[in-house]
Amino acid sequence: MACKGCSSSSGLDFDFSMAFQPIYDAVAERVWGYEALVRGTSGEGAAEILSKVSPEQKYRFDQDCRVKAIELAARLFPVGEDLMLSINFMPNAVYEPAACLRATLQAAKRYSFPTSSIMFEFTENEEVSDTAHLMNIITEYRRQGFTTAIDDFGAGHAGLGLLVDFQPDLIKIDMKLVRGVDSSAARRIVIAGIVAMSRDLDLVVLAEGIETEAEFLALRAAGIRLFQGYWFAKPAFEELPQLQAGPSPAIVAS
């Protein structure tokens, strides 16, 4: 079954590429993976590029983003290292999950990139009107061996309802909850609840938007293992940035 919107008339009239930001594993003390982030070829941010995407182009843009991210990751990721590639996708741009994965699978095969190393993130900030359709997407992605994640958890449309219905493999705690967590008892209590709930549901928790060591230490003490944010490294255009900061072995062991 072909995807609705796959015709050439939905082609893009602008260029884009990807920047990469590392995800840090505080237990293993190494980079766990990289998130691919949309950028313009002249350095434009994601918001500017997304503003150019018309409703008719959503499907094509979503597909092209996946192929570009896989192509670059296959070239940039060091051979032999077990790294995850995190790709954002638009649930409302996916019409028939299996058919719409063909370009992804073909790109993975073409560039010899393992599908088991790909994580698809869908954001709470994009309202999904057809929840049954989203369930079909996640089910098919899992069947194909992909990891699934809820991005911006705690700041979007569905919150706990989305988590209960879909139970992805990983949730990313939104930076609005992370910011200033070291000085906010309320934020620490909420995050402790998320961590405990995720443990019971067998979900991995990632805290995004880390900007200070104090935020990292507070979240590490809460039991979070995976981290992402400017304190570790800013995104680099078509490159894998080096970690700019990070915990010492003594901090990790404490």
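Tyr59 sits in helix H2 of a predicted model. Helices here are DSSP runs of H or I of at least four residues, strands are runs of E of at least two, and both are numbered from the N terminus. Tyr59 is buried, with a relative accessible area of 11%; buried means under 20% relative accessible area, exposed over 50%, and partly exposed in between, using a 1.4 Å probe and protein chains only. Tyr59 and Met90 are 31 residues apart in sequence, and their C-alpha atoms are 8.3 Å apart in space.

Residues are numbered from 1 along each chain as its sequence is written. In this predicted model local features need pLDDT of at least 70 and side-chain atom pairs count only at pLDDT 80 or more, while totals for chains, interfaces and linings use all residues; side-chain values use heavy atoms, with hydrogens and water left out.

The chain has 10 helices and nine strands. Of its 254 residues, 48% are buried. Contact means heavy atoms within 4.5 Å. Among contacts between residues at least 6 apart in sequence, 68% join residues at least 24 apart.

Helix H2 covers residues 58–76 and helix H4 residues 102–110; their axes come within 9 Å and cross at roughly 15°. That angle makes H2 roughly parallel to H4, since angles under 35 degrees count as roughly parallel, over 145 as roughly antiparallel, 65 to 115 as roughly perpendicular and the rest as oblique. The axes are lines fitted to C-alpha atoms, for helices over the stretch in contact, and angles run from 0 to 180 degrees between N-to-C directions. On the H2 side the contact is made by Gln63, Arg66, Val67 and Ile70, and on the H4 side by Ala103, Thr104, Ala107, Ala108 and Arg110. These residues divide into five nonpolar, two polar and two charged. Ala, Val, Leu, Ile, Met, Phe, Trp, Tyr, Cys and Pro count as nonpolar, Asp, Glu, Lys and Arg as charged, and the others, Gly among them, as polar.

A nonpolar core is a set of buried Ala, Val, Leu, Ile, Met, Phe, Trp, Tyr and Cys residues joined through side-chain atoms within 4.5 Å. The largest one has 60 residues, of which Phe20, Phe61, Leu85, Ile210, Leu219, Ile224 and Phe227 touch the most other members. H2 gives the largest share of this core, six residues. Apart from it lies another core of eight residues, among them Ile23, Trp32, Leu206 and Leu226.

Leaving out residues up to four places away in sequence, Ile224 touches Ile173, Ile191, Val195, Val205, Ala207 and Leu219. Ile191 belongs to helix H8, residues 185–200, and is buried, with a relative accessible area of 0%. Beyond its neighbours within four places in sequence, Ile191 is in contact with residues including Leu177, Val181 and Ala222.

Two loop residues remain. Most residues other than glycine have a negative phi. Glu29, in the loop between strand S1 (17–25) and strand S2 (30–39), has a positive phi near 55°. Glu29 is partly exposed, at 39% relative accessible area. Ser112, in the loop between H4 and strand S4 (118–123), has a positive phi of about 55°. Ser112 is exposed, with a relative accessible area of 64%.
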